[in-house]
Amino acid sequence: MRLSQFYLPVLKETPAEAQIASHRLMLRAGMVRQQGAGIYAWLPLGFRVLKKIEQIVREEQNRAGAVELLMPTIQQAELWRESGRYDAYGKEMLRITDRSDREMLFGPTNEEMITEIFRAGVRSYKDLPKLLYHIQWKFRDEIRPRFGVMRGREFLMKDTYSFDIDEEAARKSYNRMFAAYLRTFARMGLTAIPMRADTGPIGGDLSHEFIVLADTGESAVFCDRQLLDLPTPSADTDFESDLQPVIDQFTSFYAATDEMHDSAEFTTRVEEGNQISARGIEVGHIFFFGEKYSEPMKAVVTGPDGKDRKVQMGSYGIGVSRLMGAVIEAFHDDDGCKWPMSVAPFHVGLVNLKSGDEKTDDACGRLYRELESAGVEVLYDETAARPGEKFARMDLIGLPVQVVVGPRGLGDGVVEVKVRESGERENLSLEAAAERVKSIVSEGLSYS
RNA sequence: CGGGGCGUAGCGCAGCCUGGUAGCGCAUCUGUUUUGGGAACAGAGGGUCGCAAGUUCGAAUCUUGCCGCCCCGACCA
């Protein structure tokens, strides 16, 4: 992509309303633009990141055996009356009426609708288990939206729903999502710690919040340092197999959010040197809730004994748009973002230090074409801006690799390859630079 | 919803108390000179001062109402 054709409205000055780094950087690097309290337009640069995060989430859901569909953003009040939640949900739900005065709502979540879809097509226990998900915009009329996309009112969420014949089977579905979540966040370079969460009236131990540690997180959290070093399930994990050992490994260490925290247990179970008391960002939440919806909405299957039974359900959410904020919180410095390769809006920034200079333009053009044809996503800055301005802009948007081509270097047939994360710079010939960049990119993308 | 604050050019702000021709920096445009880490000079364009009503000869400024946004608390991906 040529920068001159792209739409990248960067800001030199920090917008006054942005309190945390990720919000500031998203506004400054031209990734989002606010359209109202907690409502954002996704500008091209931010949209590319959002799509990459979404795709990783999708791939890991598919790998775990979940099946994608797409439900609408607008739902009928009728459906929510069946579950009893239309009146119970409160002001957080955005209620609207259509031209015939029918009561509608902008979906804050989809348990009712997925249950309706499920019961319409499944009759037998032989059709179970089922894991269905979609990635769709939600609206929750939050009391206080803040921190940019971290707590927006409109947000992109992946929500999966599991349907099983009994609680034992439901636990297997739960475990699949547990393992899938570990992989999902790890692929974005994040360490998300599963922490036990409140299960409400259902009880049991089947609810975990996945928390990324960050000073600007909204939740206070407590956990064992050893959790940070546990291995992520590998790409060849068999999701049909028994995943309980993986889950047990993670849940054997203390980890709880503020609401669930037991300080006495914390201090006795966790060695003093391993006690982490920090803040975190909730990027996912998995939950088993049994018959909460299958009961009122009559989602039943016929069992092997010929008798109907209510399906056991769970739901599993990942905040896709919030994840973008979490990634920036985890990876940035004073100059700007430092994207992991897997979610970077572009892999490489190509800086032409003297646009209009035949030799420089030609060298950049060759590099650009070669990298693009090798599948490397390049943002090519061939604008007339001055070098300092170009460098600052590149650092702000934080692409993992920068290639700098200018007349001075070319005198020696040399260009500079710079890695954003480490700050390492190498001076290489044009050919060597192309190869070096390709290898850095493929190495960065190799984790999957 | 309770408490606090703000709305003046794309962004950041001053002006308001004490009413009288709307300003500054950055950005933008034109020209010249520059070009390896946010250039210099000269010139130019851009504002129903959030909206409405009121007071007044006269309102960005005073009064009232409304709208919007931000921050602190209880909810959540």
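This note goes through a few features of a predicted model.

1. Ground rules. The model is predicted: local features need pLDDT of at least 70, side-chain atom pairs count only at pLDDT 80 or more, and totals for chains, interfaces and linings use all residues. Residues are numbered from 1 along each chain as its sequence is written, while chains are lettered from A and ligands numbered from 1 in the order written.

2. RNA surface. Around RNA strand B there are 48 residues (C-beta atom, placed from the backbone, within 6 Å). G319, G388, G406, R408 and G409 come nearest. Helix 11 gives the most to this surface, with 8 residues. Helices (H or I, at least four residues) and strands (E, at least two) are DSSP runs, numbered from the N terminus.

3. Five strands line up in the order 20-19-21-22-23, with mixed pairing (strands pair if DSSP finds at least two bridges between them). Strand 20 (378–381) and strand 23 (425–429) are the edges; each pairs on one side only.

4. A parallel pair. Strand 19 (residues 348–352) and strand 21 (residues 401–405) run parallel, joined by 5 bridges. V348 has V401 as its bridge partner in strand 21.

5. Helices on strands. Helix 11 lies across strand 19, strand 20 and strand 21, at about 175° to strand 19. Helix 13 (residues 430–445) lies across strand 19, strand 21, strand 22 and strand 23, at about 130° to strand 23. Angles run from 0 to 180 degrees between N-to-C directions, and axes are lines fitted to C-alpha atoms, for helices over the stretch in contact. Contact needs C-beta atoms, placed from the backbone, within 7 Å.

Conventions
Two residues are in contact if their C-beta atoms, placed from the backbone, lie within 7 Å.
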